[in-house]
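Okay, thanks everyone, let's get going. I'd like to walk you through one structure today, and I'll keep it short. Have a look at it first.

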Amino acid sequence: MTALRVWLADQNPSSRRQARLGQLWLAWLRIRRNRLAMAGLVIVGALLLVAAFAPWISPHDPLVQDLSRRLLPPGTAGNWLGTDDFGRDILSRIIHGARITLYIIALVAVTAPVIGLLIGTVAGYFGGWIDAALMRLTDIFLAFPRLILALALVAVLGPGIENAVFAIALTAWPPYARVARAETLTVRNSDYIAAIRLQGASAGRIIAGHVVPMCLPSVIIRVTLDMAGVILIAAGLGFLGLGVQPPLPEWGLMISSGRKFLFEQWWVATMPGLAIFVVSLGFNLLGDGLRDVLDPRSASR
Amino acid sequence: MSLLDVRNLRVTFATETGPVQAVRGVSFSLGRERLGIVGESGSGKTITGRAVLRLIRPPGRIEADAMTFDGQDLLAASERDMRALRGKRIGMVMQDPKYSLNPVMTVGRQLTEGLRLRDGLGRADATAKAMAALDAVQIRDPDRVMGAYPHELSGGMGQRVMIAMMLIPEPDLLIADEPTSALDVTVQAEVLSILDALVRDRGMALIFISHDLRLVARFCDRVLVMYKGRVVEELAAANLLAAQHPYTRGLLNCLPRIGGPRGPLPGLDRTGDWAT
Amino acid sequence: MTGIPAPPRDNRLLRLLGQIGLGLVTLSITLLGLLLVTFLIGRVVPIDPVLSIVGERATEAQMTAIRIKLGLDLPLWRQFFIYVTDAMQGDLGNSIRTGESITTEIARYFPATLELSTLGTIFGTLVGVPAGVLAATKPGSIADQIVRVVGLMGYSMPVFWLGLIGLLVFYGQLDWVAGPGRLDPVYDMQMQFTLTTYTGMILIDSALNGAWDVFGNAISHIILPAGLLGYVSMAYISRMTRSFMMNELGQEYITTARVKGMPEWRVIWVHAMKNVLVPLITVIALSYAFLLEGSVLTETIFAWPGLGSYITDALFAADMPAVLGGTVVVGVVFVTLNMASDILYRLVDPRARE
């Protein structure tokens, strides 16, 4: 193990792979030192694990109703977080809800940055009227209230998880386009890009192979921090009944259905919200930590 | 009778990778004369200047055997005492007026601030004094400058404002930290001559911090050469060319000379034990 | 040797007008884009709007008549043109549920949202800015950690969940505040029938009327939602203030101020703060916009009859024109807020005035 460490910490790497891995290793060390970021990493990791192993971890089936065990308080044997008004175990529902949450986040995390990167790099690289038009488009979408627009879109398209993801992604891509364009503009006129162009590389190759990698660190940080917000928007849509439909255990939906019993059986609405809070917090912590490590210019410490 | 007496000054910064000693045992005394401190980046010369004014904030720590100004112990002085000293008796001119002047306050306000708050002058009196100070640094249209913002001034002008600002309260000691390094060469000469005249006319002591050895030699009476937080040599400016220490000699040898040999300039040889 | 480039006065004025003009053009384009998006969303509706008005039993002739009346027979771009011109005159169509003009309805509901969001932002700023400054001036200290953690929690929480918890604890358990709604029914009637409405904002109106009992009741109702929204707002504002302040405190001019012998409070609150205010204005405007947006969720929780409630009620009643009308209004407010903060930024930062 120590031999590997020495190899990674070598100041004069002998291969590109060694240099890259060494950089990653150093970044890992710096993240590790930031306790809050590590907490975030743990939370996100837990989300992934829980979602992956949901059917095996959850003590009960999330959809099976048992009306004889309705509205039991947390701490009841076998139902650590209590049961809802259909007798379903809240803990199990939360665990399975993690899958839904992860699904939504993953889809948005894949689509929005890709769209944004595409638009931003093209705008920045080609400049001129293409740039102006694309930036107008970006500004228009950036100026919209995200939640409201997602709401209107889903209201029209009909509730459902794919529509919710589509609506969220549609309003989430502008910041990535902005960031990508800014990075592209910085890089566009540098000598090494000119050199590659002289070697005959096409615009597509230059953008994909050279400009995009430059944008990646900021995009990664942005995505992580964004996910925290996406979770909240998705929960909001679910709360309004615009996301997944019952009886699926989406966390926002669970809060909404628990509202009726807020004052007597508070746990039905409170527990799912706690889950949302913890996961969103995890992404925020992780994103902050990543930003401190990957982009010290904008570090807030 | 020395005005400023510094003995075994040490400045340490606590960083993530352990404590870093920026200044490692610097000693000097200063009377009503001009002392130059020369060194490359990272030599600790700027920090030394700031330490005298006790401007080093945590995680930095100042320690010294002694540090006295005109009989007053600078180490033991309270923050209140230091504030009374700063500006009034010790001033500091910094490198780049683009950064060292507050960008959202007019020049007039920045000039009169000290007078009005510290000395309790009324607006008219303070403005008059400020205009007089601008006149002393040869600014021809003080009215416009008073109402201008720092970004509206050229580099040379901004630096002159800076000098005026520090000289208004008529301090005994002026610390000039790379005062001309951010200026064009032609403007440098102007600003330096203004500084020269003012320091001479008011009988101020001057600490001139710079990386430019020749400049310091011309401007100052004595020179301290610093490297990596230590003073490696101290000599009179007139004797600079006869410097003994290998580092100083190395610095001198790096300087191009008109009429000198045409071969490549030598680099610094940092292999001596003084280089640790 | 002057060194100051001072352009003649008329040139400066012209340039300012040019900037305003450019700003207006950008604003118009953005608003047009907003209308285009909502228009397109409206046309994507899978439910035939005609059907939802006349029902399934209508005859072909009746449906055609309605279709012509709604202008649905015209080509799409003409429909859009009508849509935009109507919107510019303030006509957003009629609600399917009530038949009333959407604009009139929204005008009735909007002050409630305005009141809540404004109060929330005020709380958020009054607490968030000093908190951020405190954290920035003592980095790494306990105070700093607390501010950061509290702030972090604030914007990781779903606002509507926070509202529910707040109601549960402060109303249900502790009974410190009044429950959902803006006023108790008895005061509500008093407000409606005996007092004159000036602004639609109960706090202001009741005070202007001198009806202090109504005022007191209104306060007990608004304090919980405004406080919670203020918390969320404060989280973001304190974080940004901290970031800006730390940035400024590392600048050279701060050292200059200290060298001049200025007391530390002045260095922070006059010298640094003036520079922090410049980007902070944008942050506060954004925070305000964020609260407006979140009103859609919080107002249902607190039975607050504002724009958010209007939109959600319309949503549940499948009243698409009303939903879209509400979206347009929120969008317009958003865009206006952004532009206003832009203008303010230029006014406050002397460097941006060139």
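Predicted model: local features only at pLDDT ≥ 70, side-chain atom pairs only at ≥ 80, totals over all residues.

On the chain C side, 45 residues take part in the contact, and on the chain A side it's 41 residues.

What about charges? Across this interface of chain C and chain A, the rule finds 1 salt bridge. Here the side chains of C:Arg239 and A:Asp288 meet, at 2.7 Å from N to O. Which helix gives the most to the side of chain C that touches chain A? That's α14(C), with 9 residues. There are also 7 residue pairs in polar contact across the interface of chain C and chain A, with both partners at pLDDT 80 or more. Several helices of chain C each supply at least two residues to the side touching chain A, including α1 (9-43), α6 (142-154) and α10 (212-249).

Now over to one residue in chain A. A:Glu250 sits in the loop that links α11 (203-239) and α12 (251-258) of chain A. A:Glu250 is buried yet has no salt bridge, and the nearest side chain of opposite charge, A:Arg93, is 9.3 Å away. Beyond its neighbours within four places in sequence, A:Glu250 is in contact with residues including A:Ile100, A:Ala234 and A:Val244.

Last, confidence. Chain A has a mean pLDDT of 84, with 97% of its residues at 70 or more. Over residues 297-301 of chain A, though, the pLDDT is below 50.

Note on methods. Residues numbered from 1 in each chain as written. Chains lettered and ligands numbered in written order. Heavy atoms only, no water. Helix = DSSP H or I, 4+ residues; strand = E, 2+ residues; numbered from the N terminus. Buried < 20%, exposed > 50% of the residue type's maximum accessible area, 1.4 Å probe, protein only. Lys, Arg positive; Asp, Glu negative; His and termini not counted. Salt bridge = Lys/Arg side-chain N within 4 Å of Asp/Glu carboxyl O. Contact = heavy atoms within 4.5 Å. pLDDT = per-residue confidence, 0-100. Polar contact = N/O pair within 3.5 Å; in protein donor to acceptor, adjacent residues only side chain to side chain.
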